[in-house]
Amino acid sequence: MNDYCFSKEKLNSEYKYVKEKLDQENLPNNIIADLNLKIATLDDIRNTFKLKTYIKNLINLPTYDKNFNYKVAQEKLNKYVSKLQHEIIKNTYEYFLGNDFKSNDEIMSFYLSKKSILTYAKETFLSIGGNSKKLDIIMGPKNNLLFLSNRIIAGLFYPYGKKGYILSYDTDNINSFCCLNHELGHYYEHCIHNLSKINDEKTFLYSEVLSIFNEHIGLDILKKHNVINDNDILEIQRCILLNNINTISNYFDLRFLVNKDNKNISEKAKIHMYKNAIEDASYYYSYIIAINFYYQYQCDPILAIKNLNHLFRKIDNNNEEKVLKESDIDISSNVLKKHLNKLKRNN
Ligand SMILES: [Zn+2]
């Protein structure tokens, strides 16, 4: 019997409770928005019980966007991607080209018992400065906020008020460990955010930083317990690298397409859903920032945690470059370059 699952009864009673609250009169708009978001989240989670739906949720189908139009796509790009972010993406892309980072996926199926996965994931969360009470909330068995299932191929984090729900891949291997750490990284970010702060659009590309960072820290925890060695770490890091960067070409395609005033190209553009392309950019960009924090952590964990908390609490649409500097992020990407040199096979 799996102790880590969402309880239908609990979800239904939560749903009822939120609905009742929403029915009260004279609620301020922000509360209404918050309650509606909760309803949508609960709907989403309740759907995950239907196998077909949740497989659909997790597979990226090549999406045909009937309403694709240049102006909207251009607007989205301008809204969600800052100039600085675009420069960093553009300037680092060549580092990846022509280099052999080919990963050996076998390492991801390396056996790790479920008990170990949970134990080491908890240790990872605490070692990045996660709050132990918050950890107990999400990882307490039968709290019904963490759902481990082998019926899915990836994980999901659903923010929910001050807590959150995690759906994570469940097989006794390193892949599941990385998946859980990834989602716990999202939860960590959710915990340190000032909840009253509305996310600014141009910080969207940072949304995977803490999850990717936490995946890397998890590997060091496994090494500390002699589960894997330095070589294994490099192999797994290559897998993480490719997972996060290999769809960035969609972003460049979209950039290229919206700049061309050509009907034929417009047809082609229809298969690139701009939302996905921007999401692809978020994995790529977040990877770069996460690697920075990872190396900071190797030198001085306390300072690294301080810096990443600073970044996530302070960054907004108007102060990006300043906050990146204050958090000691190398925007000239030398840190990334060094890391990639380590991961290259052909050196
Ligand atoms: Zn993620």
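**Labels and their cut-offs**

Reply: N144 lies in the loop between α7 (132-139) and β1. Helices (H or I, at least four residues) and strands (E, at least two) are DSSP runs, numbered from the N terminus. This is a predicted model, where local features need pLDDT of at least 70, side-chain atom pairs count only at pLDDT 80 or more, and totals for chains, interfaces and linings use all residues. Residues are numbered from 1 along each chain as its sequence is written.

Me: Why is N144 called partly exposed?

Reply: N144 has 18 other C-beta atoms within 10 Å. With C-beta atoms placed from the backbone, 20 or more other C-beta atoms within 10 Å means buried, 12 or fewer means exposed, and in between is partly exposed. So N144, at 18, is partly exposed. Its phi is positive, about 60°, although N144 is not a glycine.

Me: What makes S333 partly exposed?

Reply: S333 counts 19 other C-beta atoms within 10 Å, so it is partly exposed. S333 sits in the loop between α15 (320-326) and α16 (334-343). Phi of S333 is positive too, near 65°, and the residue is not glycine.

Me: How many helices and strands does the chain have?

Reply: There are 16 helices and three strands. The strands form an open sheet in the order β1-β3-β2, with mixed pairing.

Me: What makes β1 and β2 the edge strands?

Reply: β1 (146-149) and β2 (156-160) each pair on one side only. Pairing requires at least two DSSP bridges between two strands.

Me: How do you know that β2 and β3 pair?

Reply: β2 and β3 (residues 163-169) share five bridges, in the antiparallel sense. The threshold is at least two, so they pair. Y160 stands opposite K163 in β3, and L156 stands opposite L167.

Me: What describes the packing of α6 and α8?

Reply: The axes of α6 (residues 114-127) and α8 (residues 174-192) come within 10 Å and cross at roughly 35°. Residues making the contact include I117 and F125 of α6, and L180 and Y188 of α8. Contact requires C-beta atoms, placed from the backbone, within 7 Å.

Me: Which residues have the most contacts inside the largest nonpolar core?

Reply: They are I166, F213, A281, Y287, I289, A290 and F293, in a core of 77 residues. A nonpolar core is a set of buried Ala, Val, Leu, Ile, Met, Phe, Trp, Tyr and Cys residues joined through C-beta atoms within 7 Å. Helix α13 (residues 274-299) gives the most to this core, with 14 residues. Leaving aside neighbours within four places in sequence, A290 is in contact with V209, I212, F213 and H216.

Me: What percentage of the 347 residues is buried?

Reply: Buried residues make up 36% of the chain.

Terms used
Axes fitted to C-alpha atoms, helices over the stretch in contact; angles between N-to-C directions. Contact = placed C-beta atoms within 7 Å.
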